[in-house]
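Hello,

Here is the structure I promised to pass on to you. Have a look at it first, and then read on.

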Amino acid sequence: MVRSVAFVTTLGVALMGNAASAHTSAEITAITASLGPGTLTSANVYRVGIPRSNGAVGGYAAFETLPNGKSLLLADLRLLPGERDTAVTALRAEGMTVTPLGDRLDGMRSRAVFVEVLGEGDAVMLAQGLRRALTMTGTAISAQGRPSSDSVPFAREVERIMGRKGTMADGVLAIAVPRGSGVDVINVAAAGDGRVAGYGDLPLREAEAEPMVALLRSHGFTATSTRRAALDVVHFWRVGSAAEVASGLHDVLSRPSAAR
């Protein structure tokens, strides 16, 4: 059983102010065995893309090793409404904190809900517990290799506009964007009919959250914020052309108000 936590990381920066420790090769091997191959970021966070079996926009799981030697899990999962209660119950039975976030991507053909998952404990137990819960949904667990973003047309355009190279994981392009002393990861995935979905989470101080929500909305994003310990986490998403989504993200994250 893992111990649930009441704080958040942003894919590379612990909000408690501590730098992430390096993962051991045994931990990465165990996580990969349970969830498929992922990417180790420069901030020592191991990130695994989690796709839907029907090819729709999926989520991700990120593992960070804390200074006390335990691992911290942050996962953002996309579930169909009929799967949510079963998955939430299973995840909580594994000792994880689960927060349903509602339907983010209104422009998608299939209705879905996002849930945020937090857990602290042994990396192997965290990964295995997450997999057990995911087997109760239609979420695919892939052991196949990741294609380069150079082979995905929308990814090339997003990278060009954002001015940053990303990594592909099961159809989701993840781009790391430095913000102050931390790193945020922005996700972009194909959404059908030539469109893409851009989404992510930004942990901010209370005074910064409302201006950020307003800025994102002014660029066509749907944005909400939820309180997590001493910080607010701004969740945002938008469906549109690759140029529209990438340009909006670039403008928002380039503003001085977006700097941590």
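Below is what turned up in it, part by part. Please keep in mind that this is a predicted model.

**The whole protein**

Let's start with the overall picture. The protein has six helices and twelve strands. Its chain holds 260 residues, and buried residues make up 54% of them. The accessible surface comes to about 10,500 Å², and carbon and sulfur atoms account for 53% of that surface. If you take the contacts between residues at least 6 apart in sequence, 60% of them join residues at least 24 apart.

How many of the residues of strand 2 (residues 45-50) are buried? Six of the six are, so strand 2 is largely enclosed by the rest of the structure. You can check this side by side: Val45, Arg47 and Gly49 lie on one face, Tyr46, Val48 and Ile50 on the other, and all of them are buried.

Strand 2 also has partners. Strand 1 (residues 39-40) runs antiparallel to strand 2 and is joined to it by two bridges; here threonine 39 has arginine 47 as its bridge partner. Strand 3 (residues 59-65) pairs with strand 2 as well, in the antiparallel sense and over six bridges. In that pairing, valine 45 stands opposite glutamate 64.

Now move along to strand 6 (residues 113-121), where nine of the nine residues are buried. Val113, Val115, Val117, Gly119 and Gly121 point one way from the strand, while Phe114, Glu116, Leu118 and Glu120 point the other way. Strand 6 pairs with strand 4 (residues 71-79) in the antiparallel sense, over nine bridges.

**A helix with two sides**

After helix 5 comes glycine 220, with a positive phi near 85°.

**Salt bridges**

Side chains of opposite charge can pair when their charged atoms come close. In this model the count comes to five salt bridges, and I picked out some for you to find:

- Aspartate 85 and arginine 84 meet through their side chains at 3.7 Å, N to O. Aspartate 85 counts as exposed because its relative accessibility is 53%, while arginine 84, at 30%, counts as partly exposed.
- Glutamate 159 and lysine 165 form a salt bridge at 3.6 Å, N to O. Glutamate 159 is buried, at 8% relative accessibility, whereas lysine 165 is exposed, at 52%.
- Glutamate 244 and arginine 238 are joined at 4.0 Å, N to O. Glutamate 244 is partly exposed, with a relative accessible area of 41%.

**A closer look at arginine 238**

Arginine 238 lies in strand 12 (residues 231-240). Leaving aside residues up to four places away in sequence, arginine 238 touches Val196, Ala197, Gly198, His219, Gly220, Phe221, Glu244 and Val245. Glycine 220, which follows helix 5, is therefore among the residues that arginine 238 touches.

Tyrosine 199 sits in strand 10 (residues 195-204) and is buried, at 0% relative accessibility. Which distance separates the C-alpha atoms of tyrosine 199 and histidine 235? They are 7.5 Å apart, although the two residues are 36 residues apart along the chain.

Enjoy exploring it, and write back with any questions.

Best wishes

Notes. Residues are numbered from 1 along each chain as its sequence is written. This is a predicted model: local features need pLDDT of at least 70, side-chain atom pairs count only at pLDDT 80 or more; totals for chains, interfaces and linings use all residues. Side-chain values use heavy atoms; hydrogens and water are left out. Buried means under 20% relative accessible area, exposed over 50%, partly exposed in between (1.4 Å probe, protein chains only). Helices (H or I, at least four residues) and strands (E, at least two) are DSSP runs, numbered from the N terminus. Two strands pair if DSSP finds at least two bridges between them. Contact means heavy atoms within 4.5 Å. Accessible areas come from the Shrake-Rupley method with a 1.4 Å probe; for residues, only the protein chains shown count as cover.
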